[in-house]
Amino acid sequence: SSEKPSFLSQPVVKNIFMFRNGDPYYEARRIVINQKRVSNFETLLREVTGGIQAPFGAVRTIYTPRGGHKVNSMENLKSGEQYVAAGREKFKKLDYLEIGSRRKRMLHPAQVKPPPQNRFIVSARFLKPIKEPCAVFVVANGDVLNSAVRLLIHQRMLGQFDKILEMITEKMGLRVLGGVRSLYTYDGTQVNDGNQLESGQLYVAVGRERFKKLPYIDLLFSK
């Protein structure tokens, strides 16, 4: 069959956005051009005239918004682009493409806040949530005479439990003979991972000996 596929005979539809020449408050109006109905440039001008209802009356000329170049044919109109409709007057140079956003700023001035002075403006992809270090209290196993030692453990160290034990050993000094081998909660539950540590809690540092159950919690509240 010599019949053409139906999609080839479908009319071309373009969506263009039209400003009014010299009007700084008129946001671009969408004009739908169906080439089956709007077959030539004269018909297009009538369509735009009805669409924007400009105070200057009939639209006689269409310009590009940036350079003010005349558009003389349907083929030169690109779908999705913005244009300026004028009568017989000359193109009036305005920042047409900023009209919509400028109007929004005028209507909602509170939404546009100046950046605080003396502050760096950082790209959002560099901003990471700041995690506070884990602050814990540690006592030596079997020692209820000396007060608890406060330790700050950075978040990046929580996955390195051996290093945490080394840090506690350095901080506790001779209180734990032979170095800290294990860590317990004050009520006797063994901690095997730095991610189990809770900020503000009391822990017992244990060396080679077994955990000794004593009233360690009183050390936190002793003067």
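Tutor: E1 and E2 pair in the antiparallel sense over six bridges, where strands (E) are DSSP runs of at least two residues, numbered from the N terminus, and two strands pair if DSSP finds at least two bridges between them. This is a predicted model, in which local features need pLDDT of at least 70, side-chain atom pairs count only at pLDDT 80 or more, and totals for chains, interfaces and linings use all residues. Residues are numbered from 1 along each chain as its sequence is written, and side-chain values use heavy atoms, with hydrogens and water left out.

Student: Which strands stand at the edges, each with a single partner strand?

Tutor: The open sheet has five strands with mixed pairing, in the order E2-E1-E5-E3-E4. One side of each edge strand is left without a neighbour in the sheet, because each has a single partner strand; these are E2 (29–34) and E4 (70–71).

Student: In E5, what is the bridge partner of Met 18?

Tutor: E1 and E5 (residues 82–86) pair in the parallel sense over four bridges. Among the partners in E5, Ala 85 belongs to Arg 20, whereas the partner of Met 18 is Tyr 83.

Student: Does Leu 145 count as buried or exposed?

Tutor: Leu 145 is found in the loop between strand E6 (134–140) and strand E7 (149–153). Buried means under 20% relative accessible area, exposed over 50%, and partly exposed in between, with a 1.4 Å probe and protein chains only. At 79% relative accessibility, Leu 145 therefore counts as exposed.
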